[in-house]
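Hi,

Here's the structure I promised to send over.

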Amino acid sequence: MGLCTSILQLHEDALLMFIKVTPGRTAYEAFVCFCNFLNKSVFYVFYSLNIRMMQAYYATYNDLFKYNLPKLHRHFHSCGLTPDLYLLDWIYTLFSKCPCQSIGNPMKRYWNTTISKFLTKLPDNMDADKLFKSIAQMSVSIYRKSYETILEHHKNVFEWKTSSSSDLDLASPGRPPSKTSSSSSGLFKWNLFSRHFEPPCMADNSDGLSVHSNSSTLSNHSIPRDTSHETLTISSTALIPHDRPKELPAKSEEERLKHEKEYLKMLENIKKKEEQESKMKKKQLELQLKNEEQQANAVKIWTQEILPHWESMRGSRKARDLWWKGLPPCVRSKVWYLSIGNELGITRQIYDQCMKDAEARSQVNYSPGEELVLSHKEYIFSILDELSHTKLIKSMQEYIFSILDELSHTKLIKSMQYAVNTINNQMLYDNTITQIRLDISRTFPHLCLFQNEGPYYNTLHYMLASYVSYNTRISYVQGMSYICALFILNISTAYEAFVCFCNFLNKSVFYVFYSLNIRMMQAYYATYNDLFKYNLPKLHRHFHSCGLTPDLYLLDWIYTLFSKAMGLDLVCKIWDLVMRDGEVFIFRAALGILQLHEDALLEMDFLQGSKFLTKLPDNMDADKLFKSIAQMSVSIYRKSYETILEHHKSYV
């Protein structure tokens, strides 16, 4: 999947090129060519981001570059313009597009401005004949070594080897080749990416790069296969050491030994790090296998023992213990549906009718009279508002409407009368639908499921609009989109999701908060405040001194049931236990979150604390959170949550 994503993002123009250059061909044939083309060695290596093999290709190109264009190679080297800074984009797009400037690289700040600009945007008027003449002059073999041989050599260099045999003069295994051993063979030299071929005889001219003219010497000299890399521990994460350039003073023996020691220490640290990572991966794999085994056993118990005998087993110790560990995704839909129930008695016919009403009202067509009133509604209502202050003018209003009644023989006047009486309802509904559309675009934006043109956009939109038609008293309140979206993601059918959504919002705490019953909301706040003070007295005092009252963060947690504040997996586990314990677990979970981050919150002021609680950390540990939740008590001195809540309700 990662490779496919990379192809779609980075090779979009190449796919379009395949489609455009094959007139009369089908999309299937273009797709076949595209897939097989990208399965070739070099493209597969680069698109799968195989760093070691990419370095082998870079090193091979670098050798060919130095052999064919030594002067330009030296210039690029002095500018810091290494092959990976421009060759990468040429390979990704195969020259079908100029290198993309949006692919950033931290080395770009070291580029020579003129060169980088030129390579980023090649000239549009390049002469094809001249270009192919230049291509014909380039050699892809070096001293009778073919491109494939050079590439294979570099591929072998960038592998981890532990063999003890060595053809080089090394002081110890893993030690870099000395200057004497390197010069004696005269064939290879250590470079940044790998070693590259050097001719056995080099003339000492001014630049030190011209090749000896005696071709017979080269032809008679057989280059043996180098296996020295098999004794070295070489990684793409470490630089390969090489001697200083000739124009600089040579290292002293003490300095050379010091650098070799540091180099060996680097390799040893790399090995230790990779061993630690390997152990960690192994441990994670074992933990994953253990969790999968536990999930499989849990699914078996839920499907064979609990769900078939739901009424008798839902309150059992075994079911509650399994519930605390989190519901397996495959049984979550059934358990949530059974836990919430259908007290409202919503049938499929009611659901279908609500959906039809939502679709019809979302595409309303106004009559001529309604359109006339809508076009002048601000003027009409402003006049009526100004005239309604006195009884005299009020009676004039009644007189005007009585005249309209007498003139109701025309369709226009009839529709205008109807519009004046009903336009407020339609305007309210239109505003609600507009708010729903705005909120949907902000619902789980990282998932890209509910945004416009997303797979669940229409499902969420029509389900919320259907609820507005079903429950006209509450209508729509911000935050409902998160709760409805989570039901859509976890419940198997749209009808069951709608039933769960309507009945869930009919529960006591949600009905109070969504209907904006201020007096009852104060009772819930007071109950939570008592539990907060009892469980976390130190943090409670700090919040009180900062002015951070429960309504500033608890309101959002209740409206979205934590869906907006934390990750989706963790939210689903909290919802599982809300289905088990009811509304009391909402306050217990809220206190657990505060207890988990108590130390950090004690250091925060009002602004920092409110911002932190609005968007909780993404890396919250589920085990630590549920341990904190388990420590929270929802009873105070033998008074249960229900008793405390009823006490506060009686006072408001």
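Below is what I found, starting with the whole chain and then going into two spots.

Just so you know, this is a predicted model. The protein chain comes out with 34 helices and 2 strands. It has 652 residues, and 38% of them count as buried. If you take the contacts between residues at least 6 apart in sequence, 72% of those join residues at least 24 apart.

Now for a helix pair. Helix α22 covers residues 457–470 and helix α24 covers residues 494–505; the two pack at an angle of about 50 degrees, and their axes are 11 Å apart. Because of that angle, α22 is oblique to α24. The crossing of these two helices is right-handed. On the α22 side, the contact is made by Met463, Leu464, Ser466, Tyr467 and Tyr470, while α24 brings in Ala494, Ala497, Phe498, Phe501, Cys502 and Leu505. Sorted by class, that contact of α22 with α24 has 10 nonpolar residues, 1 polar residue and no charged ones.

The other spot is Ser628, which you'll find in helix α33 (residues 622–631). Is Ser628 buried or exposed? Its relative accessibility is 6%, and buried means under 20%, so Ser628 counts as buried. Setting aside neighbours within four places in sequence, Ser628 is in contact with Gly592, Gln595 and Leu596.

Cheers

Conventions:
Residues numbered from 1 in each chain as written. Predicted model: local features only at pLDDT ≥ 70, side-chain atom pairs only at ≥ 80, totals over all residues. Heavy atoms only, no water. Helix = DSSP H or I, 4+ residues; strand = E, 2+ residues; numbered from the N terminus. Buried < 20%, exposed > 50% of the residue type's maximum accessible area, 1.4 Å probe, protein only. Contact = heavy atoms within 4.5 Å. Axes fitted to C-alpha atoms, helices over the stretch in contact; angles between N-to-C directions. Parallel < 35°, antiparallel > 145°, perpendicular 65-115°, else oblique. Left-handed = near helix turned anticlockwise from the far one by under 90°. Nonpolar A, V, L, I, M, F, W, Y, C, P; charged D, E, K, R; others polar.
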